[in-house]
Structures are given as C-alpha cells and as structure tokens.
Amino acid sequence: MGSTKDYWFDRIEEQKKIRLANLLEITEDELEKIAYDIEADYSKDGLLYGYVVRFGDDNDPSIMAKIDGLTSGSYVSLSQWDLEDPEEDELQWELVNSEQLEMFNKQLAEIPAMLQVETNQSARFSLLVMLHAHVVSTLEHFLSATFIHCVTSSDKLTRKLIETDPEFGKRKFTVNEVYAQHSNIKSTVAAYLKGIIFHDMRKVKPMYAEVLGCDFGDVSWLFRAVRVRHDCVHRAGYDKEGKSVAVSVESIVELVKNCREFAERIDAHVQKLESE
C-alpha cells in the first residue's frame, strides 16, 4: 500500500483534471486523448490573472470542436478560481509542508508590534479580542497541519490512527462494504482528519498521545484560552451573561509565550519521530 500522501497527491491531480474536463465541456476520456499545457497568466507586477490552457497542433479535430471557449483554435483562458479548490489546496500544503513551526512563528511575529498600537479604550478591547482569537487559531492550525502531515507521511501512523481512534472503532460495515472500505481507507482517513475540530482538546490531546506518542502534559491554560476564544469569535469578546472577557496586553503576551513553548515541544517530538 502506497503512502496516504501519494494517494492524496494523485487524488488532487485527478480532481483538477475532472474540473478541467467539465470547464472545457468534454469528457475525461476525451481530455486524456489530447495534448495540452496549463500556464499561469501573471501581470507585470506578479498578480495572477488566471490560467491559459494551450493545446497541441495534432489533437483530434472532433474533440477540439467540442471545447467551449476555444480562442484562435489553440487556447482557452480560465479565471484563477476555475481550477482551484481551497480545501484541496490547504490539504496539499499540509501534506507537502514540513515547516509547520516556521509558519506558526511567522503568523505570530507581528503580535508584539500590534500590542503597541495606540488607540482608545474601546478599540483597544476589540484589538485584544481579535489578537486572542488569532493566537489560539494559529496554534490550532499548527496542531492540525502537524498531525495531518505526520500521519499522512506514514502508513504505520495511518494504521495506528485507524486502530486507536474511537471514531473508527464505532463504524460498522457489512461484509460487502469491507472490501470497498479497504480500497478507500486512505480517503476515509484523510477526510476524517480534515473534519476534526482541532480546538476540541478533549479529542486532540488523546489523539496526539495515542497516535504520535506525544503527551501534551498540563495544558489547562490552553483549555481556558480556547473557551475565551469562543466568546471572542462568537460574541465579539462577551460571555453569555454579557460580561467582557478578561483579555489584556499581559494576557496576550503570556498566551503567545505559552503557545510558542508548546508548539516548539510538539515540533521537537515530531522531528524525532520522523527521524527514527
């Protein structure tokens, strides 16, 4: 069985071909029978305008006659959104990128400068609310990207996830479905990982421990930060009773410090795991 990563690379490319065939209004089989190249169309300033699909001169005329939007008999212009799927692009980044800690640190780099912004008290509170939510969300994305990259890079860890995760243990299949699930297990695992809510520490903490052997230790500070983040995101910094959440410059600085130390510890464990 090839790696889950290889499976998803193939699947992403397959989905792009399906979208392209639909855009051109030809079948997937017809697309396979013609030669073409896809070029990015950039402005002089490096702004992506879209894509240009250029076709070879020796393609089957009967297929070329069906292509919608064909210009000068040789190319089709597409918008920058036509061939892209945000969820697939995010998954592809998580599969390829092994620099999750670098991205995490980059996303938090400007927090100190933003805390120095001079403004009135009301605006100050709103800024702190947004920064708290940003810091927690950044850590959640780090946990998600790190786990997905690590698990999808290893058949051993993919199997371990399947065998230890209670969600998979609850699933029941008929005899006929067993074979279908076996062939699609990589898709099932990847879809499950993308669907996990990584701010649910009650699920994420044991998952890291069971699959990656990574003990979070005492992260009560993170559980509290996640609860505050909920009020920041859903009620703009107020709890159900209408009281403002306790955020301050000091609390943000402390949160950033805790998140950095936590992320560095997770990264060190994962790097050691991947080197074994």
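**Close-up 1. Strands S1 and S2, joined by 7 bridges.** In this predicted model, S1 and strand S2 (residues 48-55) run antiparallel and are joined by 7 bridges. Asp41 has Gly50 as its bridge partner in S2, and Asp37 stands opposite Arg54 of S2. If you're wondering how the strands of a sheet hold on to each other, they pair through backbone hydrogen bonds, either parallel or antiparallel.

**Close-up 2. The S2-S3 pairing and the whole sheet.** On to the next pair: S2 and S3 are linked by 5 bridges, again in the antiparallel sense. Here Val53 stands opposite Val76 of S3. Put together, the 3 strands make an open sheet in the order S1-S2-S3, with antiparallel pairing. Strand S1 (36-42) and strand S3 (75-79) sit at the edges with a single partner strand each, so one side of each has no neighbour in the sheet. From one strand to the next, the twist averages 25°. As for S2, 6 of its 8 residues are buried, so the rest of the structure largely encloses this strand.

**Close-up 3. Helix H7 alongside helix H14.** The axes of H7 (residues 121-152) and H14 (residues 249-275) come within 11 Å and cross at roughly 5°. Angles under 35 degrees count as roughly parallel, and H7 and H14 are therefore roughly parallel to each other. H7 brings a run of residues to the contact, among them Leu128, Leu131, Val135, Leu139, Phe142 and Cys150. From H14 come residues including Ile252, Leu255, Cys259, Phe262, Ile266 and Val270. Sorted by class, the residues of this contact are 18 nonpolar, 3 polar and 3 charged.

**Close-up 4. Helix H5 against helix H7.** H5 and H7 pack at an angle of about 170°, and their axes are 10 Å apart. Angles over 145 degrees count as roughly antiparallel, and H5 and H7 are therefore roughly antiparallel to each other. On the H5 side, the contact is made by Gln100, Leu101, Phe104, Gln107 and Leu108. H7 answers with His134, Val135, Thr138, Leu139, Phe142, Ala145, Thr146 and His149. By class, this contact has 7 nonpolar, 6 polar and no charged residues.

**Close-up 5. Zooming back out to the protein chain.** Overall, the chain has 14 helices and 3 strands. Of its 276 residues, 37% are buried. Among contacts with a separation of 6 or more, 67% are between residues 24 or more positions apart.

Terms used. Residues numbered from 1 in each chain as written. Predicted model: local features only at pLDDT ≥ 70, side-chain atom pairs only at ≥ 80, totals over all residues. Heavy atoms only, no water. Axes fitted to C-alpha atoms, helices over the stretch in contact; angles between N-to-C directions. Helix = DSSP H or I, 4+ residues; strand = E, 2+ residues; numbered from the N terminus. Parallel < 35°, antiparallel > 145°, perpendicular 65-115°, else oblique. Contact = heavy atoms within 4.5 Å. Nonpolar A, V, L, I, M, F, W, Y, C, P; charged D, E, K, R; others polar. Pairing = 2+ DSSP bridges. Buried < 20%, exposed > 50% of the residue type's maximum accessible area, 1.4 Å probe, protein only.
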